[in-house]
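Colleague: I would like to learn how to read a few features of a protein model. Please take me through them one at a time.

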Amino acid sequence: MEPVQAVSSSSNKRRMKRGVVVMTILGILIISAFIVSMNTGYIRLSPLDVVKTLFGMGTEKQSLILFQFRLPRIVISVLIGAGLAVSGCILQGISRNALADPGILGINAGAGLMVMLYVSFYPTTSAGSIFLLPVLALVGAGFTAALIYVLSYKRNEGISPTRLILTGIGVAAGISAAMIVLTLKLDPNKYQFVATWLAGSIWGSNWKFVLALLPWIVILLPYVFYKARVMNVLNLGENTATGLGAPVEKERLLLLAAAVGLAGSSVAVSGGIGFVGLIGPHLARRLVGPKHQLLLPTSALIGALLVVVADTIGRWILQPSEIPTGIVVAVIGAPYFLYLLTKTRV
């Protein structure tokens, strides 16, 4: 037994060391992307101008551009990237389905429908309404997740991965159809906003939206990281997890609620950005392995990096116009999803 324990301990140390190295590299890449993004835009700020402005030595115009437009948008990109990626990681873990993702399963669509209804028929200029948006998105995402869960669940069988994906796609299609019908009744100004939102534009780009999103991320991410060991047990299968004494249904519902909260609050300020919850966990699993103690934080970092880079590319490639972040992510994510579909037995 001692040699086996020694080998296991050595393997865990190597895995942990590799995880620390990977997360450090990802952190450096995020900081680099953050710096590049601060310099990217129709009105260009040189790296020296950015540094001077950060230390209060820039012009009034430079301060306005950096502090009121670019910085809040970049911070929001980091938060929603981390939130969506961890949400996808949870969904893949509790369903044991490699293709699970809040966008593919329709959770993003449910959150988006509620946000769209509110934005379409009520003003959102006040601070109170901005802080209400994540709550409304959570209601929409929660209702959709509950509907998918009920339709996918069968007594004595649990949740089938194939049934989960097909149910999610069906529910998402239905919600998308309802959203299209609603857009036909909008005036031109609101229609333009809704169309941009559906494409995945980070429309909530001021500090009020950062403050509205931040509590959800700050509370839910540590909770999910704390549940990493539980997710490892759930990955062993329902029967094994039950045999080990884990309250499977209770933990699954709590984790599903956390996934819905992360996805819903992110969608409230980011629009319909898909595939982040699919790509982030998959790349993280390839880099650090299946243990959720490393998988969850690595997924968060990859998601944050992906959204920041996509948003920067979208603002840079067709200046002075911009491509919605969701479209840039989809250009990357759709081929990757098709690749996974051919390699994964669902």
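Colleague: Is Glu251 buried or exposed?

Modeller: First, the ground rules. This is a predicted model, where local features need pLDDT of at least 70, side-chain atom pairs count only at pLDDT 80 or more, and totals for chains, interfaces and linings use all residues. Residues are numbered from 1 along each chain as its sequence is written, and side-chain values use heavy atoms, with hydrogens and water left out. Buried means under 20% relative accessible area, exposed over 50%, and partly exposed in between, with a 1.4 Å probe and protein chains only. Glu251 has 9% relative accessibility, so Glu251 counts as buried.

Colleague: Where is Glu251 found, and which residues is Glu251 in contact with?

Modeller: Helices are DSSP runs of H or I with at least four residues, strands are runs of E with at least two, and both are numbered from the N terminus. Glu251 is in helix α11. Contact means heavy atoms within 4.5 Å. Apart from neighbours within four places in sequence, Glu251 is in contact with Lys227, Val230 and Leu234.

Colleague: How many salt bridges does the count come to?

Modeller: A salt bridge is a side-chain nitrogen of Lys or Arg within 4 Å of a carboxyl oxygen of Asp or Glu. By this rule there are four. One of them joins the side chains of Lys227 and Glu251, at 3.0 Å from N to O. Lys227 lies in the loop between α8 (207-226) and α9 (228-234) and Glu251 in helix α11 (residues 248-270), so this pair ties together parts that are 24 residues apart in sequence. Lys227 is buried too, with a relative accessible area of 11%.

Colleague: Which side chain meets that of Arg73 in a salt bridge?

Modeller: That of Asp311, at 2.8 Å from N to O. Because Asp311 lies in helix α13 (residues 292-316) and Arg73 in helix α3 (residues 60-95), the pair ties together parts that are 238 residues apart in sequence. Both Asp311 and Arg73 are buried, and for Asp311 the relative accessible area is 2%.

Asp311 also forms a salt bridge with Arg315, with 3.4 Å between the closest N and O atoms. Arg315 and Asp311 are four residues apart in helix α13, and so about one helical turn separates them. Arg315 counts as buried at 10% relative accessibility. Through shared partners, salt bridges join Arg73, Asp311, Arg315 and Glu322 into one network.

Colleague: How are two packed helices described?

Modeller: By the angle between their axes and the distance between the axes. Here an axis is a line fitted to C-alpha atoms, for helices over the stretch in contact, and angles run from 0 to 180 degrees between N-to-C directions. The axes of α3 and helix α12 (residues 276-288) come within 7 Å and cross at roughly 75°. Angles under 35 degrees count as roughly parallel, over 145 as roughly antiparallel, 65 to 115 as roughly perpendicular and the rest as oblique. α3 and α12 are therefore roughly perpendicular to each other. Residues of α3 that meet α12 include Gly81, Leu84 and Ala85.

Colleague: Which residues does Ala82 touch?

Modeller: Ala82 lies in helix α3 and is buried, with a relative accessible area of 9%. Not counting residues up to four places away in sequence, Ala82 touches Leu221, Ala300, Gly303 and Ala304. Ala82 and Ile302 are 220 residues apart in sequence, and their C-alpha atoms are 7.5 Å apart in space.
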